[in-house]
Amino acid sequence: SVTPADFFFFFTLIDTTIMTIPLGIPSVSSGPICSGSSSIITPSGASTYTLLPGSLSGTSFTVSPTSTTVYTISGTNAAGCVSAPANFVSSTVAVSPTPTITAGSISSASICSGGSSVITPAGASTYTLMPGILTGTSFTVSPIATTVYTISGTSSTGCVSSFAGNLTTTITVIPTPTITAGSISSSTICTGGNSIITPSGASTYTLMPGSLTGTSFTVSPIATTVYTISGTSSSGCVSSFAGNLTTTITVVTSPTITASSISSSTICSGGNSIITPSGATSYTLMPGALTGTSFTVSPIATTVYTISGSSGSGCVSSFADNLTTTITVNSTPTITAGSISSSTICSGDNSIITPTGASTYTLMPGALTGTSFTVNPTTTTVYTISGTSVAGCISSITGDLTSTITVNASPTITAGS
């Protein structure tokens, strides 16, 4: 039979059992975890377990503490006996914070096409940049278009930054300008001429050769020249080599005018000279503003002529390359009577005509030459004397001397008786 003392012994045994259920050291799936991660705690030594904090029950526990946490586990065996507090086990799950990535420095948040920017993140030990899957501690990027970069980081404990803890930065790409010719006043010029090149596509420009800056360029090359114009946009981006403007200014040599022939550089009053220039296609003679390929001039006094020329390409000779020629005009002499011994003579007599005003003379009729003439006409005669100067100029008809020698008949004596 069962006595009260037996009941006392039984309950004492139960109490002792509750206090002495041993629990094994729980296994933990990993060492320290990163914020946001979890660890599995698997205890042993009982049938079911209770985890604190959390009051979770089960045979295994997946925990995700936000900071390092000491978990306490009690156990219940198959008989329903619960481990005494002295037999509870503790498991510490250490939590390493995930890094928050910040921009240590960004060399430039805006770059020009073809440029680069250096992104140096901070907050972790190593980093990964996307797009590109580049790893390192600093990144030099050269995007061809505006790009949003995301940089994640890994701490020294191996914890990777969360999506919210990543660094997101935008590198804005500004296109470099493409330079075009707004206008070119002339792509072909003559020697000494100029052309105005007005580029477009940027805010300011630089012309080479010459290193000139501005918005428009007046060029006067002495030979055919290839000009390259680069441009800078309002945002400071400079055109690339491929985006520069290249334009050629062709220089056509202006003609140099020479005298192909001058029939005479010295003429007498009333005479002319034929000037035939060369070196161009057409010519202009000054004074006179005559145009042509040959000029017959009859100046009344010594005259300096200037002839300019135009080439087939339309280039006109410069002042220095014009032809300058002098046509000297010598006056024709005017013949006067230096002396006439007698303008009236008797038949059989003579008269001496001595002209003046020239160097040599010719008397007509008779075609006599000399400086003085003794005439003995048989009848009244009109003599014309022309003269030639030392320069070879012959007096004109209006400049000749006309002299009449009157001849009186001598009487014929007969015997009256």
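To start with, the model is predicted. Mean pLDDT for the protein chain is 92, and 93% of the residues score at least 70. The stretch to set aside is residues 1-19, where pLDDT stays under 50. For residues 1-19 the model has eleven contacts beyond four places in sequence.

Now to the strands. As a reminder, strands of a sheet pair through backbone hydrogen bonds, either parallel or antiparallel.

Take β13, β16 and β17. Strand β13 covers residues 126-130 and β16 covers residues 147-154; the two run antiparallel and are joined by five bridges. Among the residue pairs here, Met 130 has Thr 150 in β16 as its bridge partner. Strand β16 also pairs with β17, residues 167-174, again in the antiparallel sense and over five bridges.

Which strands form it, and in what order? It is an open sheet of three strands, ordered β26-β28-β31, with antiparallel pairing. At the edges are β26, residues 258-262, and β31, residues 295-297, each of which pairs on one side only. From one strand to the next, the twist averages 30°.

Within that sheet, β28 spans residues 273-278 and pairs with β31 through three bridges, antiparallel. If you want a residue to look for, Ser 273 stands opposite Val 297 in β31.

That is the end of the talk.

How values were computed: Residues are numbered from 1 along each chain as its sequence is written. This is a predicted model: local features need pLDDT of at least 70, side-chain atom pairs count only at pLDDT 80 or more; totals for chains, interfaces and linings use all residues. Side-chain values use heavy atoms; hydrogens and water are left out. Two strands pair if DSSP finds at least two bridges between them. Helices (H or I, at least four residues) and strands (E, at least two) are DSSP runs, numbered from the N terminus. Axes are lines fitted to C-alpha atoms, for helices over the stretch in contact, and angles run from 0 to 180 degrees between N-to-C directions. pLDDT is the predictor's confidence in each residue, from 0 to 100. Contact means heavy atoms within 4.5 Å.
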